[in-house]
Structures are given as structure tokens and as C-alpha cells.
Amino acid sequence: MSDPFDAALDLLRRLPPSQTQQNLASIISIAPNLEDDLLSSVDVGLAVKRCPKSGRDYLCCDYNRDGTSYRSPWSNDFDPPIDLDDAADLVPRGKIRRMEEELNKSIDVYRELYYEGGVSSAYLWQLDEGFAGVVLVKKSSGGAGKGGWDSINVFEIIEATSKRSAHYKLTSTVILDLGLRNDAVGGLELAGNLTRQEELDQPLAGLRDAEIESSHVANMGRMVEAMETRLRNLLQEVYFGKAKDVVGDLRSIRLLSEADQERRSHKEVISKMGGATI
């Protein structure tokens, strides 16, 4: 018998990407023992919550979750509140929290410039060696043509012993969900996700802790910007281009009578050329 976790992942890969969140919830209700493994392995659209202390929206993912509670990057508090002993291990302090606050400010500006709206959040946490983080961006639109863009950028950072450089490993996933429904086209939906990975060694400027922390934030920001630009270009040139070609082959916008007339004219020219003598 196959492993239940592998079977669940295999099933999710065969179901519509736009319904991943609902299907994931259904699988978890059937096999609750798989919840933690599935939530940490399956990319789904990001949920939005409002921080009760700051009044600002933030994004929820597995990296700021503890049970049913989520940590706000603006207040650094869990909502609903969790046990103080648990919070001591899950809430970043000192250097990590300072970088997280600066990274959230930078990503907030980036989101407004590139997306002109939406919600962004960034979370950092300490590792045994180095630290890790995630940068999240979500943009949605409604109406007759719905659309959703969710980007999840996960970092692993290890500083060199000299503290003059650091190794960055970035794994970025974009979840795209587009749909249109009207009398002219009926129902049209395009959904899926794309993941790419990159590793770079980047220099760290300055000698003081504050300067090194700012260098980390700047390096992460540049890598997110470059990776998201790359993913957008891939989606536009490869996926949308291929979809356009397929639709163009399946559905012609020309009248059938015009196409038939063109084919007859073409055959007539070919037959005359074949019958001509030199």
C-alpha cells in the first residue's frame, strides 16, 4: 500500500489548481494526522488577516502559524494569543526582529511600486546555523474577470565566519489564478503555479551590526525583485504564449467561408503550376 502522504500529494496534483485550498481541507478532514505535513508541503493561496493592534492587513502562511493562530509582522503578536511559553520560542527578538521590521518596510514599498495595491508580509526566524525568512505578496481582483497572484519567496541565509559575505538560498513560488465569465466567452479559467530556485553569495557592507543587518535586507530585496521579474516573464512568454497558440489552433476568429475560399484559391494556383509546361 502506498504512503498516505504521497498519495495525498499525488491526488492534489491531479485536481484543479484553483481548488487546491478546498481540496486540501477535505483531505485533512479525512486524514487529520497528515495536517502538519501537508500544510508545510503544499502551496496554496495566501489568506489575509487584520492585525488587531496595528489595524494593518498581513498574510498568513505556515511560517507564521502556530495551530490556528498567526503572528502579525506589524505587532509581533499572535492572533488569537498563544501560551507565553510557546510564544517565547516562536516570536523573533533582537537582531532577527530588527531585520524583520526593516524588511517589511522595504517590501511594503516594493509592493506598492510594482503591484499598485495588494498585501505584503515578511517573516524571519532563527536557525541553528544562520537564519531563514519568507517574503509574501498577494494581489487580487474581482468582478467579471477574477484574478489572483500569490508569491512565496523562502530564504535560507548563512553568514561567512568573517561576516563580510553571506550565502543566500531562495526558493520562489508563484500561484496564479485567472478567470473570466461572460456571455461572449462563457467560462474561462487559467490556474497553476511555478517554482524556481536560486543560490547566491552576496557581500555584506559595513562592520557594525546595524550595517550588516541593512545589507541582509537589501540583498534579500534585490533577489526577490529579480526572481519575481523572471517568473513574470516566464509566465508571460512561455505559459501565456503557449495558451494563446493552443486557443488559436482550436478556435478561429475568421469566417469558415473565408478559410474555404482561401484553400480553394491555393489549390487552384498549385494545380495551374503543376500543369504548366516549360
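**Exercise 1.** In which order do the 3 strands of the open sheet lie, and is the pairing parallel or antiparallel?

*Solution.* The model is a predicted one.
- Step 1: The strand order is 3-4-5.
- Step 2: The pairing in this open sheet is antiparallel.
- Step 3: Strand 3 (65-66) and strand 5 (78-79) form the edges, and each pairs on one side only.
- Step 4: Take strand 3 with strand 4 (residues 69-71): 2 bridges join them in the antiparallel sense.
- Step 5: Look across to strand 4, where Ser69 stands opposite Asp66.

**Exercise 2.** Classify the packing of helix 1 (residues 4-14) against helix 2 (residues 20-30).

*Solution.* 
- Step 1: Read the geometry. The angle is about 150°, and the axes lie 10 Å apart.
- Step 2: Helix 1 is therefore roughly antiparallel to helix 2, since angles over 145 degrees count as such.
- Step 3: Assign the hand. Helix 1 makes a right-handed crossing with helix 2.
- Step 4: List the contact. Helix 1 gives Ala8, Leu11 and Leu12, while helix 2 gives Thr20, Asn23, Leu24 and Ile27.
- Step 5: Sort by class. The contact of helix 1 with helix 2 holds 5 nonpolar and 2 polar residues, with no charged ones.

**Exercise 3.** Compare the radius of gyration of the chain with that of a compact globule of 278 residues.

*Solution.* 
- Step 1: A compact globule of 278 residues would come out near 19 Å.
- Step 2: The chain has 25 Å instead.
- Step 3: Check the box. Along the principal axes, the C-alpha atoms fill roughly 90 × 50 × 45 Å.

Technical notes. Residues numbered from 1 in each chain as written. Predicted model: local features only at pLDDT ≥ 70, side-chain atom pairs only at ≥ 80, totals over all residues. Heavy atoms only, no water. Axes fitted to C-alpha atoms, helices over the stretch in contact; angles between N-to-C directions. Helix = DSSP H or I, 4+ residues; strand = E, 2+ residues; numbered from the N terminus. Parallel < 35°, antiparallel > 145°, perpendicular 65-115°, else oblique. Left-handed = near helix turned anticlockwise from the far one by under 90°. Contact = heavy atoms within 4.5 Å. Nonpolar A, V, L, I, M, F, W, Y, C, P; charged D, E, K, R; others polar. Pairing = 2+ DSSP bridges. Rg over C-alpha atoms; globule rule 2.2 N^0.38 Å.
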